[in-house]
Structures are given as structure tokens and as C-alpha cells.
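Below are my comments on the model, as numbered points. Please read them alongside the coordinates.

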Amino acid sequence: MSAQNLESIGEENPLVVTGGVSVNQIGYAVNGIESRRDPYSLYASGNLNFNLYGWSVPFTFTYSNQQTSFQQPFNQYGLHPTYKWVTGHLGYASMNFSSYTLAGHLFLGAGVEANPGKFQVSAMYGRLLDAVEPDSVNASTPLPSFRRMGYGLKAGYADGNDQIHFILFRAKDDINSIAYVPEDEDILPEENLVMSLIGSKQLFEKVILKAEYAISGITRDTRSEEASLENYKIFDYAGNLFTPRQSSAYYNAFKSGVSYQGNGFVVGLGYERIDPGYRTLGAYYFNNDLENITVNGNTSIFGGKVNIGANVGVQKDNLDDAKVSTMKRVVGAVNVGYAATEKLNLALTYSNFQTYTNIRSQFVDINQLTPYDNLDTLDYTQISQNASLNANYILQNERTKRQNLNLNLTFQDASDEQGGVKQNSGNQFYMANAAYSLSLIPRNLTITASFNYNKNESVEIETTTLGPTIGVRKSLLDKKMRVGLAGSWNESYTNGSKVSRVANLRGTGNYSVKKKHNLNLTLAVVNRASNNEGTSADFTEFTATLGYSYNFSTRKDKKDRKP
């Protein structure tokens, strides 16, 4: 989020106008198939932005021979002035206290962030949702909602890795903000109070502990009767900030981690648990009903030539055993970087994503007599593996000439297991790309060549696509003009039989004047030939694009300003 720096008033231009316009004409012709677009298209677009001390008012427009539109993309405005260690938010804004409390929800109101040294304070107040009356006649009307007001405070102390912060956030719907609530609408007046404590501590100069605990009380319907608190006595200290009712529920979220930084290596352990149903009115979406355990580490060996990073994690849901199925996920990844020489660099990555689902019939708990009953409950495992290798070799790196080789190999595998037996499903994907580039610097000339290979194997179908690509780029007229030509030839096979061939040829030209005016031309030809008898898929397609663009700004560089 950008802010208006009040200290720069008098130094910067009070009003800066920027924008641009572009016009493109597209010609199209095809032989062999029906036309897929108009033979001639005109497309024009432009943008205009007024910036007053950092307050932006943007406009855009588009025009074509098919449709016209005008947009004012932001009718929600906000001012974010800053002075020294204080930043304010006025109008429409969003703030982030933590992932369990206020997390980026847009509001209309005011906020402040102050960091006077080691003490930190953030606060906000505003409207989170506007009132929307139910309208069963107009389908385009947004979903009905009450006007929701909220406020929050985050205060704490931070000295390097030694930190502690307390967060309080409250939001409540105004039950009188709409005329009536239809019985068939899923809309209820809600109330929410969230309290969180965040802290971190550095121990022995190498160990860092981090943790956050949050508790959220949500009343689903503020019209329900009041109720006494048997648990969660912490809400008793909230006074009038929250009223427990029959429709109230309370949820916990906890996240912690510890990391150790040794000589040339770092290891870490993390744990996270979020109750089923956990949410607050300060965020649009929450992941809940999950428990995560993660381990990670990275190190550098052989004098920094080899860098290794690895992490593994286990995630499960159904923490309260209320669901019919329980899912467990295992994620592991390894990254290895090897600077073999000054010319050769290698990078290897591998990840294994595994999902385990235990589906239990609803009759298990009803009919089970002993722990040995219902042993045939469905166990389902889905495995996905990814591996890639990238090698880059510098053949020549001189002032006038550069040559480079690059090889990239990728493998992906997705398979299923049920009851420990691999199923006849899934697929494997193989990709290989070898590329060569030559740059003749005095001539402003670059030549590239590559070969691509893709193969996809499934249960009954095996498809393969392969072919070369070559391209040439050159700059002319003191680099004001750039031209290029590229072509490719790709053949496709299904179960070993050739099915089609596609050839592409593309030429480009670009000319720039004073970095504001730009003229470009693109010519492209695509030819496709099919090997399947009885089909009429052969065609040749031609597209030409001629375009012009202009960009401007009233901002002056410092060297252009008068003393």
C-alpha cells in the first residue's frame, strides 16, 4: 500500500498526470477451416491517472469495432499520509494485525500505525460491510447484509527478535440497518470478539522461539438469548465488548515455531492447530480444522558451492472426529543448488505430495461391537511426485561474444493407492528442453535455438509432442529499432502414431522514438497438417498486427527542474 509522505510537500509536484494511449489494427485470413475471427479488427485503449500528493484517481477506456467501454476502476478512495514514524489511513483501507485476527479486510474509516522506537501501536475503526436490503426481484442485487462496524487495536514492544504484541478486534452487525430479514435468507446479525497474543524470543544468540495464540468468540445471531459462560472465562474480562448468547461459539488457534541457526546451517520446527469452525469477521476466508507439523532446514557446504534446503510436513483435519472422513497430507521437498564451476551451475528439486483419506461409514459408530469390527473401512492414498533438473553452462563470456547452453528436465507423477494397492489410474508427464543462445554484442545480434520434448502417459493414452525452435533478434538505428524472426516445427503422436504437424513462423518489428512513441508490426503464419484420414483439420492461418502507443507524464526529473 502506498502512502502520502507529508515531509515531501513542497519538494514534489503537487499534481502529476500520467497516461497513455495505444491503437492496434489486426488483419486475419485463414484457408482450410472456418474463420475464427473477423478479417479486420480495430482496438484502441488508453489510461489516464491524476496523482495529487500520492492520491491517485485513475481512468481507463477501450474502443474497438465491436464494443466500447469506459471505466473508473477505483470508486473507493483512500488517503494514507505518513510523517516520520506515523502512518494514517483515511477512507477505504485495509490493515493486517495477524492471520488469526484482522487480516486484510477492507473497511471505510480511519486507521493509524505508529512505531516510536521499540514500541508499536496500530488501531482502526470503520465500516466492514455496508447494509444491503434483500431484493428478490432484481437478480443482480448483491447478497443482503447488515451494516457491520468494527474496531481493533494492536500494541506491543519489539527489540529485534524479542517481541510481544497484544491484539483485540471487535465487530458487530447493526440489526436495525436493514428493514427486515426474510426467513429464507441465510443472513443473521453476528458479533465477534477476538483476542490474540503474539511473541518471539531469541535465546543463546542462535535459537528463536515464535508463537501466537488467538481465541475468537462469535455469536451467530445476536437476537438469541443471553447465556452464562462456563468455559472461556477470559471473555468475562471483556466487559461490554462481547455478550455471550445461546448462539455463541468459541474457537482457538495456535501457531508456534523454533529455529536454530548454526554455523552454515538453519533448522526449524513448526506446529499449528486451528479449531474446526475458527473464523473472525476481520478476514474474508480462514483455513480451519487442521493440524500442521513441519520440519525444515537448509545448509551450505563445500565452501558455499552446494546449497541444500529441505522441508517436510504432516497435516490432518477432523480434529473433533465430527466428519465422516479424515484426511492426512504428507509434503516433502528437497532443493539442491550446485555451483560446479564458474561456468556450470546445476539445480535439482524434488517434492512428494501425498494425501491420505480414511472414509468411515456413518454406521460404524452405531453398529461396531468390538474394536476389530469394520476393518474394511476405505483407505485411499493419492501421491504426486515432482522432480526437475536445470543445468546452465556458459560456453563463452567475452566482451564481444557470449554463448550459453541450458538444459531443463521435468518429471511429474500422479497415482492412486487404495488399501495399499496401486490403482489403474494416474498419469506421468515428462518434459525436456535444450536451448542454445549466441550473442554478438557489437552487432546487437542474438541467435537462439532450442528443442522441446513433451510426453504424457495415462492409463490408455500416450501422447508426445516434439520439435525445434529457432529465432533471430537484432537491434538497429542505435537500438531504436528491434526486429526479430522465429520459427518452430512441432509434431504430435498418440500411442506411437503421428497425428499432426504444426509449423509456426513469426516476424516482429518495433521502432521507438524518444521513449514515448512506439510503433510495432507483427506477422504470424500457422500451418497445421493432420495425418488422420477423413478429417479436414488441415489449415493455414495468417495474422498481421500493426500498433502504435504513446505514453506521457507531467513529472519532471530532478535534472530538468530549475534551481
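1. Lysine 201 is partly exposed, with a relative accessible area of 42%; buried means under 20% relative accessible area, exposed over 50% and partly exposed in between, with a 1.4 Å probe and protein chains only. Lysine 201 forms a salt bridge with aspartate 162, with 3.7 Å between the closest N and O atoms (a salt bridge is a side-chain nitrogen of Lys or Arg within 4 Å of a carboxyl oxygen of Asp or Glu). Because lysine 201 lies in strand S13 and aspartate 162 in strand S12, the pair ties together parts that are 39 residues apart in sequence. Aspartate 162 is also partly exposed, at 27%. Strands (E, at least two residues) and helices (H or I, at least four) are DSSP runs numbered from the N terminus.

2. The model is predicted: local features need pLDDT of at least 70 and side-chain atom pairs count only at pLDDT 80 or more, while totals for chains, interfaces and linings use all residues. Residues are numbered from 1 along each chain as its sequence is written, and side-chain values use heavy atoms, with hydrogens and water left out.

3. The average pLDDT (the predictor's confidence in each residue, from 0 to 100) of the protein chain is 85, and 83% of the residues score at least 70. Over residues 360-376 the pLDDT stays under 50, and the model has 11 contacts for them beyond four places in sequence; contact means heavy atoms within 4.5 Å. Residues 558-563 also have a pLDDT below 50, with three contacts in the model beyond near neighbours in sequence.

4. The protein chain contains one helix and 30 strands. Of its 563 residues, 30% count as buried. Among contacts with a separation of 6 or more, 52% are between residues 24 or more positions apart. The accessible surface is about 34300 Å², and 55% of this belongs to carbon and sulfur atoms; areas come from the Shrake-Rupley method with a 1.4 Å probe, and for residues only the protein chains shown count as cover.

5. By the rule in point 1, the salt bridges number 15. One of them joins arginine 147 to aspartate 174, whose closest N and O atoms are 2.7 Å apart. Arginine 147 lies in strand S11 (residues 147-159) and aspartate 174 in strand S12, so this pair ties together parts 27 residues apart in sequence. Arginine 147 is partly exposed at 30% relative accessible area, and aspartate 174 is partly exposed at 25%. Elsewhere, Arg148, Asp173, Glu190, Arg220 and Arg279 are linked in a salt-bridge network.

6. Is aspartate 275 buried or exposed? Aspartate 275 is buried, with a relative accessible area of 13%. Its place is the loop between strand S16 (265-274) and strand S17 (290-301). The side chain of aspartate 275 meets that of arginine 273 in a salt bridge of 2.7 Å, N to O, and arginine 273 is partly exposed at 29%. Apart from neighbours within four places in sequence, aspartate 275 is in contact with Tyr251, Asn252, Asn288 and Asp289.

7. The largest nonpolar core has 22 residues, of which Met124, Phe169 and Tyr278 touch the most other members. Such a core is a set of buried Ala, Val, Leu, Ile, Met, Phe, Trp, Tyr and Cys residues joined through side-chain atoms within 4.5 Å. Strands S8 (86-96), S10 (119-129), S12 (162-174), S13 (191-203) and S15 (248-261) each supply at least two residues of this core, and S12 gives the largest share, three residues. Beyond four places in sequence, tyrosine 278 is in contact with Tyr100, Val194, Ala214, Ser216, Tyr251, Asn252, Ala253, Phe286 and Asn288. A second, separate core of nine residues includes Leu168, Ile215, Leu229 and Ala238.

8. Leucine 407 and asparagine 390 are 17 residues apart in sequence, with 5.7 Å between their C-alpha atoms. Leaving aside neighbours within four places in sequence, leucine 407 is in contact with Leu389, Asn390, Ala391, Asn433 and Ala434. Threonine 410, also found in S22, is buried at 18%. Not counting residues up to four places away, threonine 410 touches Ala387, Ser388, Phe429, Tyr430 and Met431.
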